[in-house]
Protein chains: 2
Amino acid sequence: MKIEFWSIGKQHDPSIREAIEEYTSRIKKYATVKWEIISVSKNANALSEIDQKKSEAKLILERMDRDTVLVALDEYGKEMSSINLATFLTQKADMGTKKLVFLIGGAFGIDQSILDKAKHKWSLSKLTFPHQLVRLILAEQIYRAFSITKNEKYHHQ
Amino acid sequence: MKIEFWSIGKQHDPSIREAIEEYTSRIKKYATVKWEIISVSKNANALSEIDQKKSEAKLILERMDRDTVLVALDEYGKEMSSINLATFLTQKADMGTKKLVFLIGGAFGIDQSILDKAKHKWSLSKLTFPHQLVRLILAEQIYRAFSITKNEKYHHQ
């Protein structure tokens with residue numbers, strides 16, 4: 001099962017890029033993984049919130065194929081513990097999922113048309129995090145989840 | 001009201017130190033804030049889990065004074081939204097709190113004797129985060145909470 005992280009916006013923030021890359025690289029021990037940074041057009045700020053979300057939705061749709069199982073990170077999604085996440089990954093792999101995509105939305109969240117296509121909606125926390133920090137949390141949690149599955153020491157540290 | 005972050009363990013991890021320091025520095029716009037990194041003795045790893053927590057508890061107790069209102073970050077604590085956290089900070093300030101201390105425990109969590117002294121127990125998320133990442137999340141959330149209180153743009157970005 002391939003893991004992909006799709007994130008609307010800019011490249012990783014330099015202040016945490018190293019940490020994001022470190023966890024992403026550790027995931028490679030367990031699975032093929034890659035980041036897809038979906039950059040929005042430079043005049044996006046001139047668009048209304050609705051139009052901005054719609055134009056992001058178009059970019060996301062273009063990237064979806066038959067193999068994609070989409071997990072949207074969404075504040076109204078279901079919360080999971082790290083153990084739940086590990087179980088979730090195992091179940092997805094067991095079901096023959098080819099490409100599991102975790103999607104971090106843009107400044108205004110994810111367009112409803114994409115949320116409707118997402119197989120799962122996941123809320124990291126009741127807290128609101130900046131998108132860049134969500135990237136770091138996501139990479140760390142997926143690494144942690146694999147380490148739980150493989151019963152490695154990391155989760156117990 | 002002074003804000004202090006107490007954290008058991010090593011100095012900030014170089015890969016996220018800049019980001020922790022950036023948010024800490026932004027908090028200074030609203031409140032006096034400082035980190036207290038409480039380092040454990042080098043032979044701590046030789047101690048049992050219980051003894052390690054007890055020796056950490058001693059170091060924490062030494063630092064507590066009459067002004068300290070302790071918020072323990074604890075997986076069994078109460079979850080808050082960022083808005084709840086903003087309200088919480090305002091209430092604490094309104095009640096005349098002099099020093100609000102957020103405590104991040106050591107590798108095995110926080111000793112029960114300290115949890116008993118904590119006025120509040122706060123769980124960031126159902127997810128388990130590494131201690132270093134908890135520091136970054138904490139600094140960002142306190143900054144966000146102040147920005148919510150002051151109705152600044154940050155939270156809506």
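Mentor: B:Asn151 lies in the segment that comes after helix 5 of chain B, where helices (H or I, at least four residues) and strands (E, at least two) are DSSP runs numbered from the N terminus. Residues are numbered from 1 along each chain as its sequence is written, while chains are lettered from A and ligands numbered from 1 in the order in which they are written. This is a predicted model, in which local features need pLDDT of at least 70, side-chain atom pairs count only at pLDDT 80 or more, and totals for chains, interfaces and linings use all residues.

Trainee: Is B:Asn151 buried or exposed?
Mentor: A residue is buried if 20 or more other C-beta atoms lie within 10 Å of its own, exposed if 12 or fewer, and partly exposed in between, with C-beta atoms placed from the backbone. B:Asn151 has 9 C-beta neighbours inside 10 Å, and therefore it counts as exposed.

Trainee: What is the phi of B:Asn151, which is not a glycine?
Mentor: Most residues other than glycine have a negative phi. B:Asn151 is not a glycine, and yet its phi is positive, at about 60 degrees.

Trainee: And what is the phi of A:Asn151?
Mentor: A:Asn151 is found in the segment after helix 5 of chain A, and with 8 C-beta neighbours inside 10 Å it counts as exposed. Although A:Asn151 is not a glycine, it has a positive phi of about 55 degrees.

Trainee: How many residues of helix 5 of chain B are buried?
Mentor: Helix 5 of chain B covers residues 131-149 and reaches 27 Å from its first C-alpha to its last, close to the 27 Å expected at 1.5 Å a residue, the expected span being 1.5 Å times one less than the number of residues. This helix is mostly covered, and of its 19 residues the number buried is 16.

Trainee: In what order do the strands of the sheet in chain A stand?
Mentor: Two strands pair if DSSP finds at least two bridges between them. In chain A, strand 2 (33-38) and strand 5 (120-123) are the edge strands, each pairing on one side only. The sheet is open and has 5 strands with parallel pairing, in the order 2-1-4-3-5.

Trainee: How many bridges join strand 1 of chain A to strand 2 of chain A?
Mentor: Strand 1 (residues 2-8) of chain A has 5 of its 7 residues buried, so it is largely enclosed by the rest of the structure. It pairs in the parallel sense with strand 4 (residues 99-104) of chain A over 6 bridges, and there A:Ser7 has A:Ile104 as its bridge partner. Towards strand 2 of chain A, A:Phe5 has A:Trp35 as its bridge partner, and the number of bridges joining strand 1 to this parallel strand is 6.

Trainee: Which residues does A:Val33 touch, not counting those up to four places away in sequence?
Mentor: A:Val33 is found in strand 2 of chain A, and because it has 21 C-beta neighbours inside 10 Å, it counts as buried. Two residues are in contact if their C-beta atoms, placed from the backbone, lie within 7 Å. With residues up to four places away in sequence left out, A:Val33 touches A:Ile3, A:Thr24, A:Ile27 and A:Lys28.

Trainee: Which residue stands opposite B:Glu79 in strand 5 of chain B?
Mentor: Strand 3 (residues 68-79) of chain B pairs with strand 5 of chain B in the parallel sense over 5 bridges. Within strand 5 of chain B, the residue opposite B:Glu79 is B:Ser123.

Trainee: How many residues does the contact take from chain A and from chain B?
Mentor: Helix 1 (14-27) and helix 5 (131-149) of chain A are the elements that give two or more residues to the side of chain A that touches chain B. As 96% of the interface residues of chain A are also interface residues in chain B, the copies meet through the same surface. The contact takes 23 residues from chain A and, from chain B, 22 residues.

Trainee: What kind of axis relates the two chains?
Mentor: Copies are superposed by least squares on the C-alpha atoms of residues with pLDDT of at least 70 in both. Chain A can be laid on chain B with an RMSD of 0.0 Å by a turn of 180 degrees and a shift of 0.0 Å along the axis. That relation is the one given by a two-fold axis.
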